[in-house]
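Visitor: I would like to go through this model and ask what stands behind the words used for it.
Guide: Here it is.

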Amino acid sequence: MEIRNILTFLKVAGTQNFSKAAEQLGYSQSAVTIQIQQLEKELGTQLFERIGKRVYLTEKGQEFIGYASEIMRVTNEALTFAGEEHTTRGTLKIGGVESTCTALLPELLLQYHRLYPEVEVIIKSGATENLMDLAKSDEIDLIFTLDKKIYSSQWMCAAERVEDTIFVTSDRVFAQKSNIHLIQHLAKAAFLLTETGAAYRYELEQMLAEKEIEIVPVLEIGNTETIINLLKRGMGISFLPEFTVKEEIEKGVLFEIRTDLPGVKMYHQLLYHKNKWMTPQMKAFLDLVLAQPGFREKAGCAST
């Protein structure tokens with residue numbers, strides 16, 4: 001049983017497409033087909049069902065995922081055991097929502113590069129649904145999302161942290177004018193909001209709709225860093241995940257506005273597809289995330 005055939009199997013299982021798997025592996029499509037056929041012959045069972053351009057794991061193919069992943073893990077350890085140092089190399093592809101890419105990833109990536117300088121890291125940003133599509137086609141390894149709690153058998157959740165979302169301003173006098181600001185009055189202020197579709201903005205709009213209140217922003221932009229910079233220069237109010245403005249609040253540059261709305265909680269989750277083999281690069285990044293305050297390890301989670 002050849003290791004390259006097992007690696008090809010995992011790639012086809014991840015992309016559900018022979019041509020995409022071939023492209024990512026640098027093989028011709030016919031070579032991928034032959035490798036899968038060789039593996040199926042050795043195992044004495046069909047691993048994939050081919051329907052149109054898509055391929056789907058058979059019941060036996062799904063069962064073989066666990067064995068294949070374990071074989072690759074042990075193989076990697078065997079290739080490095082004799083060295084004095086186990087050097088992690090290769091590529092790590094991470095997909096993240098915008099606020100995570102802006103406020104959380106930079107420090108993590110700096111630490112990661114210091115520890116694993118030979119790993120090439122590729123970051124792609126987008127909405128949770130788009131990132132899931134990329135992960136399903138094996139175009140990214142990990143998803144770092146900020147959304148409602150995600151849970152399904154299709155996804156593995158490696159790490160999780162609950163995040164509060166708050167109203168903020170640079171106007172200290174206004175923020176402290178009242179212990180609790182009525183949202184019906186606050187909604188009339190000049191708001192800077194993230195784009196429609198951001199998970200935490202959606203949750204806010206749902207709560208406001210129940211009270212028949214609408215916020216019409218003076219600025220709508222997908223970049224939270226731009227919003228924070230404008231807030232610091234005295235422009236309006238925003239509704240942002242607390243972790244994105246934690247430093248500014250601690251320095252007394254921005255201030256939280258407390259309202260009569262219930263708190264909005266989002267979940268930071270580090271996800272990967274159930275068919276994805278956990279590479280050493282992925283494991284190293286996961287360990288780094290779990291070392292951050294508030295993150296906890298999950299045995300498996302992940303609702304689409």
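Visitor: What distance separates the centres of domain 1 and domain 3?
Guide: This is a predicted model. In it, the centres of domain 1 and domain 3, taken over C-alpha atoms, are 48 Å apart.

Visitor: Which residues belong to each domain?
Guide: Domain 1 covers 1-78 and domain 3 covers 164-263, while domain 2 is made of 88-160 + 264-295. These bounds come from an automatic or database domain assignment.

Visitor: Why is Thr 8 called buried?
Guide: Its relative accessible area is 0%, and buried means under 20%. Thr 8 therefore counts as buried. Its place is in helix 1, residues 3-15.

Visitor: Which residues does Thr 8 contact, leaving aside neighbours within four places in sequence?
Guide: Thr 8 is in contact with Leu 25, Tyr 27, Val 32, Gln 35 and Ile 36, once those neighbours are set aside. A contact here requires heavy atoms within 4.5 Å.

Visitor: How is the packing of two helices described?
Guide: By the angle between their axes and the distance between the axes. For helix 1 and helix 2 (residues 18-25), the angle is about 125 degrees and the axes are 8 Å apart.

Visitor: Which residues make the contact between helix 1 and helix 2?
Guide: Helix 1 contributes Leu 7, Thr 8, Lys 11, Val 12 and Thr 15, and helix 2 contributes Phe 18, Lys 20, Ala 21, Gln 24 and Leu 25. By class, five residues of this contact are nonpolar, three polar and two charged.

Visitor: Why is Gln 16 called partly exposed?
Guide: Partly exposed lies between the 20% limit for buried and the 50% limit for exposed. Gln 16 has a relative accessible area of 24%, so it is partly exposed. Gln 16 is found in the loop between helix 1 and helix 2. Not counting residues up to four places away in sequence, Gln 16 touches Lys 53, Arg 54, Val 55 and Tyr 56.

Visitor: What makes Asn 76 partly exposed?
Guide: The relative accessibility of Asn 76 is 27%, so it counts as partly exposed. Asn 76 lies in helix 4 (residues 59-80).

Visitor: How do you know whether Phe 285 is buried or exposed?
Guide: The relative accessibility of Phe 285 is 0%, and therefore it counts as buried. Phe 285 is found in helix 13 (residues 280-290). Beyond neighbours within four places in sequence, its contacts include Leu 92, Ile 94, Leu 105 and Phe 144.

Visitor: Which residues of helix 12 are buried?
Guide: In helix 12 (residues 242-250), these are Phe 243, Thr 244, Val 245 and Glu 248. They pack against several elements, among them helix 5, helix 11 and strand 9. Helix 12 is followed by Gly 252, which has a positive phi near 75 degrees.

Notes. Residues are numbered from 1 along each chain as its sequence is written. This is a predicted model: local features need pLDDT of at least 70, side-chain atom pairs count only at pLDDT 80 or more; totals for chains, interfaces and linings use all residues. Side-chain values use heavy atoms; hydrogens and water are left out. Buried means under 20% relative accessible area, exposed over 50%, partly exposed in between (1.4 Å probe, protein chains only). Helices (H or I, at least four residues) and strands (E, at least two) are DSSP runs, numbered from the N terminus. Axes are lines fitted to C-alpha atoms, for helices over the stretch in contact, and angles run from 0 to 180 degrees between N-to-C directions. Ala, Val, Leu, Ile, Met, Phe, Trp, Tyr, Cys and Pro count as nonpolar, Asp, Glu, Lys and Arg as charged, and the others, Gly among them, as polar.
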